[in-house]
Amino acid sequence: MTVAAEGSPPLRMAGSRRSPLVQSEAVQGFALISPTFIYALILLVLPILVVIAHSFWTQNYLTIDHTFTLENYRIAMTEPIYRDLLWRSLYISLTVSLLTVMLAYPIAYFISFHGGRHKSLWLFLITIPFWTSYLLRVMSWKVILGYNGVLNSGLMGLGIIDEPSTALLYNSSAVIISLTHAWATFAIFPIFVSLEKVDRTLVEAATDLGDGPLRSFLRVTLPLSAPGVISAALIVMIPTVGDYVTPKLVGGKEGVMIANAIQAQFGKASNWPLGAALSVTTMIIVSLMAGATVLVFRALQRLAR
């Protein structure tokens, strides 16, 4: 009993010294997310590292030469075909992002400010197109824009054109239209969430101080909802650069994007190092473009203030 009594205070003191660290919220939170974090790290970072490693190697017929080289990056940056495909992909991505945000903002604004108790119903209706496959939605635009499609038939029925137009499908415009429709919902939700956080009393105060609807929107609502606009633009812009299904179905020769070239290198061409170099180059340029987009939006937001 005496030995136990004499030894217990140091043990309690050691336990008290360890308990703040072990029982801290930061340590417990890290212990909780660490398995998931490690799992996500393996699935996300490891494949990227493998792709980066391949980009510095060369394809030697059926084998890969592991000698370090920058030849693949030289080809990716200097060959006209890859350079043109990359610029076309960036143009399509930026255009789709701009159109999607312009179409999504009024819808999100209506639901947030005028949806009333039916907001949940409106948001539910917006998700209905996602009940069908992405391929079916893209193929539906092929039916609409086709030579004997719905749009050509309607224009001929109205007497606007005499014969079906071939300029509606298999070009960059068809890719832009299809991608804008496919990603509209992904832009509506972040803008809606941002608009829901706008303090309505600030809008009322602007009105009381003499601002009209347009002026109060430009000075109050739009700057406060800018984070949602930035998120929507990035959510749309980043994935559309790497889309290869839509260009393959409705793009034709004029709508081919860089992702189609990357897919061809990993597929029929069996040139994984060049495909990896194209992937890394695209990833770097898209990252820079995303950062520039955030800086531009923040600059505009400061000017609006």
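A residue is called buried when its relative accessible area is under 20%, exposed when it is over 50%, and partly exposed in between, computed with a 1.4 Å probe and the protein chains only. The model is predicted: local features require pLDDT of at least 70, side-chain atom pairs count only at pLDDT 80 or more, and totals for chains, interfaces and linings use all residues. Residues are numbered from 1 along each chain as its sequence is written, and side-chain values use heavy atoms, with hydrogens and water left out.

**Figure 1. Overall fold of the predicted protein.** The protein contains 15 helices and two strands, defined as DSSP runs numbered from the N terminus (helices: H or I, at least four residues; strands: E, at least two). Along the principal axes, the C-alpha trace spans about 105 × 75 × 40 Å. Of the 305 residues, 35% count as buried. Contact denotes heavy atoms within 4.5 Å; among contacts between residues at least 6 apart in sequence, 68% join residues at least 24 apart.

**Figure 2. Salt bridge between Asp 211 and Arg 219.** A salt bridge is a side-chain nitrogen of Lys or Arg within 4 Å of a carboxyl oxygen of Asp or Glu. The side chains of Asp 211 and Arg 219 form such a bridge, at 3.8 Å from N to O. Asp 211 is buried, with a relative accessible area of 15%, whereas Arg 219 is partly exposed at 47%.

Figure 3. The search of the whole structure finds five salt bridges. In one of them, the side chains of Glu 196 and Lys 119 meet at 3.0 Å, N to O. This pair links distant parts of the chain, since Glu 196 lies in helix 9 (residues 184-196) and Lys 119 in helix 5 (residues 119-126), 77 residues apart. Glu 196 also pairs with Arg 200, at 3.7 Å from N to O. The relative accessibility of Glu 196 is 34%, so this residue counts as partly exposed. Lys 119 is likewise partly exposed, with a relative accessible area of 21%, as is Arg 200, with 27%. Through shared partners, the salt bridges join Lys 119, Glu 196 and Arg 200 into one network.

Figure 4. Arg 137 belongs to helix 6 (residues 134-145). Arg 137 is buried yet has no salt bridge, and the nearest side chain of opposite charge, that of Asp 243, is 9.6 Å away; Lys and Arg count as positive and Asp and Glu as negative, while His and the chain ends are not counted.

**Figure 5. Helix 8 and its cover.** Helix 8 (residues 172-182) is mostly covered, with eight of its 11 residues buried. The buried residues are Ser 172, Ala 174, Val 175, Ile 176, Ser 178, Leu 179, Thr 180 and Ala 182. Their cover includes helix 4 (80-114), helix 6, helix 9, helix 12 (226-241) and helix 13 (245-251).
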